[in-house]
Amino acid sequence: MAVTSQSTSPSGNDPVISVRHLAKEFHLGASLFSKKRDQVVSAVADVSFDVQRGRTLGIVGESGCGKSTTARCILRLVEPTSGEIYYRKLSSADQTIEEIDLAQASESELRRFRSDLQIVFQDPVASFNPRMTVGASVSEPLVVNTDLTRDEREGRTQELLELVGLESGHSQRYPHEFSGGQRQRIGVARALALNPSFIVCDEPVSALDVSIQAQVLNLLSELQEELALTYLFISHDLAVVRQICDEVAVMYLGKIVEQGRAEKLFSEPTHPYTHALLSAAPVANPNKQRKRRRILLEGDAPSPINPPPGCRFRSRCEIGRSQDLCRDVEPPLTDDGEGHLVACHFPEVKSVI
């Protein structure tokens with residue numbers, strides 16, 4: 001049973017989402033070609049963070065680090081194994097806050113808050129039914145969750161399409177008749193249909209050209225300011241994250257290894273994995289690019305089926321490979337006193353961009 005409460009004194013720094021000790025494990029069954037049984041994949045392990053109201057938290061990391069799984073656990077599209085996920089809904093009428101633990105909420109309780117929590121999927125093609133018109137796809141949440149009449153739903157659909165920069169007449173077309181950027185705008189319109197307060201953007205521009213990426217990012221920023229939205233932004237593109245995010249969390253093998261304000265994390269990263277990620281991202285200035293040293297990680301990431309003891313990044317870290325402390329003791333996520341968190345026994349500030 002989820003725990004709900006009322007507060008009459010909301011703060012400007014009150015988080016919309018608070019994740020505490022989130023974990024997700026996938027159990028692999030036996031196969032015809034393997035005698036191994038009951039293998040456990042640790043996709044997300046002891047992840048905690050807050051998403052502040054009206055701001056954007058970015059989660060970055062290489063493929064398979066647990067970014068999307070974390071986001072889908074928050075929305076209960078994937079059932080978390082353990083942990084707490086607190087959502088705080090602010091009532092516009094009396095400015096009270098209602099809190100619910102989404103991880104423990106029943107289906108009936110979740111249904112009350114579903115309209116507040118939405119997602120923009122990565123693939124704008126696969127996220128739509130090709131047999132449904134754009135208008136039908138955008139209005140489907142209204143059919144399921146509201147008592148609006150057909151005319152009211154059509155009016156709301158046209159309003160949403162215009163809000164994201166499309167024409168109201170586009171509602172009668174099918175997804176294949178649009179470009180990738182237009183399809184992603186339609187995905188944003190569908191996410192906005194029920195007036196949410198929190199939106200997960202799961203790599204929303206990774207499949208788009210650079211010029212189209214800028215348009216979609218500008219749209220998301222404008223909508224955030226206009227509608228007071230809160231974003232959890234998942235991406236592997238550091239340039240995109242730097243442009244749109246207020247705070248950034250870096251994930252490696254299911255854990256957050258560094259987190260802080262975007263400007264500080266990009267200018268003064270302290271974890272060796274963050275150093276490597278930033279060194280791999282090119283900069284637009286040729287003179288600066290020639291002076292930069294690329295940090296190459298040796299070896300492959302450990303398997304999430306059997307994560308190593310101690311620091312999970314140790315096998316690819318120049319310092320960690322030679323330190324007994326890194327092998328034996330897992331580094332906690334520690335605050336440097338200024339709100340910047342890092343999970344490393346030997347953190348080092350290094351400017352790489």
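Predicted model: local features only at pLDDT ≥ 70, side-chain atom pairs only at ≥ 80, totals over all residues.

Where does Thr70 lie? It belongs to helix α1, which covers residues 67-74. The side chain of Thr70 comes to 2.8 Å from the backbone oxygen of Gly66. What does Thr70 touch once its neighbours within four places in sequence are left aside? Its contacts are then Leu22, Val44, Phe49, Ile59 and Met251.

I turn now to helix α6, residues 210-227. Its 18 residues extend 26 Å from the first C-alpha to the last, close to the 26 Å expected at 1.5 Å a residue. Which residues of α6 are buried? They are Gln213, Val216, Leu217, Leu219, Leu220, Leu223 and Gln224. These residues cover an arc of only 155° around the axis, so they sit on the same side of α6. As a general point, an α-helix has 3.6 residues a turn, and residues three or four places apart therefore point the same way.

On the other side of α6, the exposed residues include Glu222, Glu225 and Glu226. The buried residues of α6, for their part, pack against several elements. Among these are the strands β4 (56-60), β8 (198-202) and β9 (230-234), together with the helices α4 (150-163), α5 (180-192) and α7 (238-244).

Finally, just after α6, Ala228 adopts a positive phi of about 60°. Thank you for your attention.

Note on methods:
Residues numbered from 1 in each chain as written. Heavy atoms only, no water. Helix = DSSP H or I, 4+ residues; strand = E, 2+ residues; numbered from the N terminus. Polar contact = N/O pair within 3.5 Å; in protein donor to acceptor, adjacent residues only side chain to side chain. Contact = heavy atoms within 4.5 Å. Expected span 1.5 Å × (residues − 1). Buried < 20%, exposed > 50% of the residue type's maximum accessible area, 1.4 Å probe, protein only. Arc of directions from axis to C-beta.
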